[in-house]
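Here are some notes to read with the structure open beside you.

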Amino acid sequence: MESIRAFIALPTDSSVRERIALTLKELQDVNADVRWENIEKLHITLKFLGNVEIEKFNHLSKALEERLKRFPPFEIVYRHLGGFPSLEHPRVVWIGAEHSRTLGEIQRVVEETSYEFGFKKEDREFHPHITIGRVRGTRNLRRLTDKLKSLTFEPIRSLCSGVLIMQSTLHPTGSTYAVKKAFTLT
């Protein structure tokens, strides 16, 4: 049976991507061994689904659309730089967003709806963030962590008015994303 690799996400608008591009440039200048994300791919992941059969994907999409349409557009504030698992030993470099009631509720609905369709519940606490890079090695890692700690990241405010279901296709050079479904928050 045909399947796609998918995830559910909040988009970032062009003004957010432009501001993040400036931060990326400063981080790239330290020449660390990091695969930096293309700014066109930036998003907040609400739920990674993995490989999903098309029929199941379509049913989940319909259920999410029905449950998410009650939410109004809401503000997201991107506030700080960080790293997972820590700034001292980052494997992932990210820009964090503030928790808000609406963001938390949307993520909860996505998690519960996905669970109803047989997807495993996430056991980690939700930390809204945009992944901007993945550390591949130790070259200039200390310079990177020093830069992450010293860089001032001015908050970015943005209105989020939709939720996306994305297809992720893996390639040797990285992944590409395509919007499979887009839901407008009203």
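1. Helices and strands are here runs assigned by DSSP and numbered from the N terminus, a helix having at least four residues and a strand at least two. The model is a predicted one, which should be kept in mind in reading every point below. With elements named in this way, G118 falls in the loop between α3 and β6, the latter being residues 129-135.

2. G118 counts as exposed because its relative accessibility is 59%, where the cut-off for exposed is over 50%. In sequence G118 and K56 are 62 residues apart, yet their C-alpha atoms are 9.4 Å apart in space. For H171 and R79, which are 92 residues apart along the chain, the C-alpha separation is 31 Å. H171 belongs to strand β8 and is partly exposed, because its relative accessible area is 38%.

3. Helix α2 (residues 54-68) has 15 residues and spans 21 Å from its first C-alpha to its last, close to the 21 Å expected at 1.5 Å a residue. Which residues of α2 are buried? They are F57, L60, S61, A63, L64 and L68, and what covers them includes the strands β1 (3-11), β3 (43-53), β8 (162-171) and β9 (174-184), together with helix α3. As a general point, an α-helix has 3.6 residues a turn, so residues three or four places apart point the same way.

4. The axes of α2 and α3 (residues 101-116) come within 10 Å and cross at roughly 150°, and the crossing is right-handed. On the α2 side the contact is made by L60, A63, L64, R67 and L68, and on the α3 side by I106, V109, V110, T113, S114 and E116. Sorted by class, the residues of this contact are seven nonpolar, two polar and two charged.

5. The largest nonpolar core has 49 residues, and the members that touch the most others are Y78, I132 and L144. Leaving aside residues up to four places away in sequence, I132 touches I20, L24, L27, R35, W36, E37, L42, L81, V93, W94 and I95. In soluble globular proteins, nonpolar side chains tend to be buried together.

6. Most residues other than glycine have a negative phi, and most peptide bonds are trans. The peptide bond joining F84 and P85 is cis, with omega about 5°, and P85 is found in the loop between β4 (74-84) and β5 (92-97). N31 has a positive phi, near 60°, in the loop between α1 (14-28) and β2 (34-36), and N31 counts as partly exposed because its relative accessibility is 44%. N140 also has a positive phi, near 55°, and is placed in the loop between β6 and α4 (141-150); with a relative accessible area of 25%, N140 is partly exposed.

Terms used:
Residues numbered from 1 in each chain as written. Predicted model: local features only at pLDDT ≥ 70, side-chain atom pairs only at ≥ 80, totals over all residues. Heavy atoms only, no water. Core = buried A, V, L, I, M, F, W, Y, C linked by side-chain atoms within 4.5 Å. Buried < 20%, exposed > 50% of the residue type's maximum accessible area, 1.4 Å probe, protein only. Contact = heavy atoms within 4.5 Å. Axes fitted to C-alpha atoms, helices over the stretch in contact; angles between N-to-C directions. Left-handed = near helix turned anticlockwise from the far one by under 90°. Nonpolar A, V, L, I, M, F, W, Y, C, P; charged D, E, K, R; others polar. Expected span 1.5 Å × (residues − 1).
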